Amino acid sequence: MNPENYIILSAVLFTIGALGVLVRRNAIIVFMSVELMLNAANLAFVAFARMNGNLDGQTVAFFVMVVAAAEVVVGLAIIVTIFRTRRSASIDEPNLLKY
Amino acid sequence: MPAEGVFSLIWLLIAMPLAGATVLLVGGRRTNAWGPYLGILTVSASAVLGWIMLVAMMGNSPEERTFDQTLFSWVSVGDFQADMAFQLDQLSMVFVLLITTVGGLIHIYSLGYMSHDRDRRKFFGFLNLFVGAMLILVLANNYLLLYVGWEGVGLASYLLIGFWQYKPSAAAAAKKAFVINRVGDVGLSLAIMLMFITFGSIGFQDVFGAAGEASDGTLNAIGLLLLLAAAGKSAQFPLQAWLLDAMEGPTPVSALIHAATMVTAGVYLIARSNAIFNLAEIAALTVVIVGVVTMFMGAIIGSAKDDIKKSLAGSTMSQIGYMVTAVGLGPVGYVFGIFHLLTHGVFKAGLFLGAGSVMHGMNDNVNMRRYGAIRTVMFITFITFAAGWLSIMGIPPFSGFWSKDEIIHAAFEQNTLTGILLIIGAGITGFYMTRMFIMTFLGKARWEDDVHPHESPKVMTIPLIILAIGSVFLGMALLFWGNIETWLEPVVGYESKEAPISTGVAIALGLLAVGIGVLIAYLQYQRKPIPVEAPHGSWLTRAAREELYGNQVNNALVVTPTLVAAKAATAVDAKGIDGLVNGSAAFVGALSGRLRRYQTGFARSYALSMVGGAVLVVLALILVGAS
């Protein structure tokens, strides 16, 4: 199978994720979009590793997964806390930190 | 030779007055009761020790009269060596005696003069400090230690001129003296640096021994810088303006510091550096010119002032002009410059203390137009002042006659014009001193209504009597019994040249000039009544009352340009530099004020700008990669 297809898929997933981050208001959805972008990047890494015939890209993909797991823990904790205090998961509403 | 026997106590000469000053100034009010007596005791003890040293020194042969004492190494940096070391030779010896003896008498006099002053303990502390610093100045064996004494006497002078600092005029006079002296001090410090560069040492013996090896230009530069220092300390033209204002200080201070000792330090400096001035012809000629100019300026100012102390201050300037001229003449004059310094130190101290005694009886009024007929109430002051008067005019056989005549004769040996000018100066001296004497002691009383003059207490008159005896006999004693030429010759050198006129003619001319001066003064002030208000006077009188516009010249040449420059610098600082700094801060502040509007708190717009930025970076990379 042609590795280029994987790269194209990765680009498509990344774009969907980026658009999701920009246009969605629900913090959970935004969070999921971020995960989508990370995994699009992972897919690209693995595809390139396959194309180049070494394991560097695969190693980085594992790193990204570990970091993403940690990030999920912190991020979800923040979202839950915000939801508890403001009764809302919209990311437009917490806007106290401004000029 | 190393100091042994009584000479191992050279340090004690200096240590006693300094210890006195320390106790009195640190001890504070606790020492009020006995402080003045301690001050007198320390200086008197130094005087006694000095006289013992003189006797011991006279027992040695002339080659063995220089004693060195090194206390400790003071500054030692690389090649630069300066020791806390003293050198007592014939020149230092006569200065030590002048300082401690006249100083001691003035201390005793001050006991009476300052008896009503609340701060007299402090006054004696400052006087002790002065005596100690002056002794350091004359006993140092290197220029750096001399500089310490030089600054020390400047400090003491400042403190004592401003002793009544609650009077704004006294505070201003003290500052003026300090600032003008600073100009001279710069000259001395530059001279010391130049000596170190040239000779690699600042010790007297090293410098004088190597003076012949230096180039003419360097020697003249050192000589002119030393002259600048001397002009500052000795109130010589063009740094003369401070001395007349310095009369704001108490009269004993004027007598000790601004007549007898400190103001003659410049003469000492030049005489001490004779090895340099002998080789530096331009510098020596400049010394003579400065001396003659100051001699005339002082005499003219002294002729017009109605303030008895300022008139005496003009006279001091003029007499120091004589000494400076003498030491500028070279080996024919050094010894006579010092000779005149000694006799002048005694008779001028007597005159100042006499003036102080008169002021004491006249409610501290200094205006001679309000004096007159004081001989009737203050007989001892009258007689002692008369001795000083005759001495300063150079009437034989009084002290001033011998020293002044020798200077005039030495001037003729070197340069006829200088001799003629000095004789004219002697005539003006006769005029202003007779004027002062008549206005104060003779004629009719012109006292203010509530004045009841009385003779001063014994504690003041006894020093006056001793100084008057000195005014009469010191000249003869030094010349005939002390052989001042042979005494000083090993230190400063002495040679006699053929003069165009004989000694007798010089004396006759000098006395003729003085006689004319006295006659004019007699006709003008004794035969005519003296108005209580000063008359308008000729242009010369008015100029002399204004101190020959010295202050105006200083203001125009130095003070005003400095003030203008300072104001300009302030303006540049406030508008230019502060403007730049404050302006850039304001610019950044305004820019930040605009930029912070983009911090909206709207998380998705931040995300958009991040994505936009990332896209831009990627586009740039693609463009760069493509080309």
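Student: How many helices and strands are there in chain B?
Tutor: This is a predicted model, in which local features need pLDDT of at least 70, side-chain atom pairs count only at pLDDT 80 or more, and totals for chains, interfaces and linings use all residues. Residues are numbered from 1 along each chain as its sequence is written, while chains are lettered from A and ligands numbered from 1 in the order in which they are written. Helices (H or I, at least four residues) and strands (E, at least two) are DSSP runs, numbered from the N terminus. Chain B has 24 helices and 2 strands.

Student: Which residue in strand 2 of chain B is the bridge partner of B:Thr70?
Tutor: Strand 1 (residues 67-77) and strand 2 (residues 80-88) of chain B run antiparallel and are joined by 9 bridges. These two strands of chain B form a hairpin with 2 residues between them. The bridge partner of B:Thr70 is B:Ala85.

Student: Are helix 11 of chain B and helix 14 of chain B roughly parallel or roughly antiparallel to each other?
Tutor: The axes of helix 11 (residues 265-272) and helix 14 (residues 308-328) of chain B, lines fitted to C-alpha atoms over the stretch in contact, with angles from 0 to 180 degrees between N-to-C directions, come within 10 Å and cross at roughly 5°. Angles under 35 degrees count as roughly parallel, over 145 as roughly antiparallel, 65 to 115 as roughly perpendicular and the rest as oblique. Helix 11 and helix 14 of chain B are therefore roughly parallel.

Student: How many residues of chain B are in contact with chain A?
Tutor: Two residues are in contact if their C-beta atoms, placed from the backbone, lie within 7 Å. On the side of chain A, 10 residues take part, and their partners in chain B number 11.

Terms used: Pairing = 2+ DSSP bridges.
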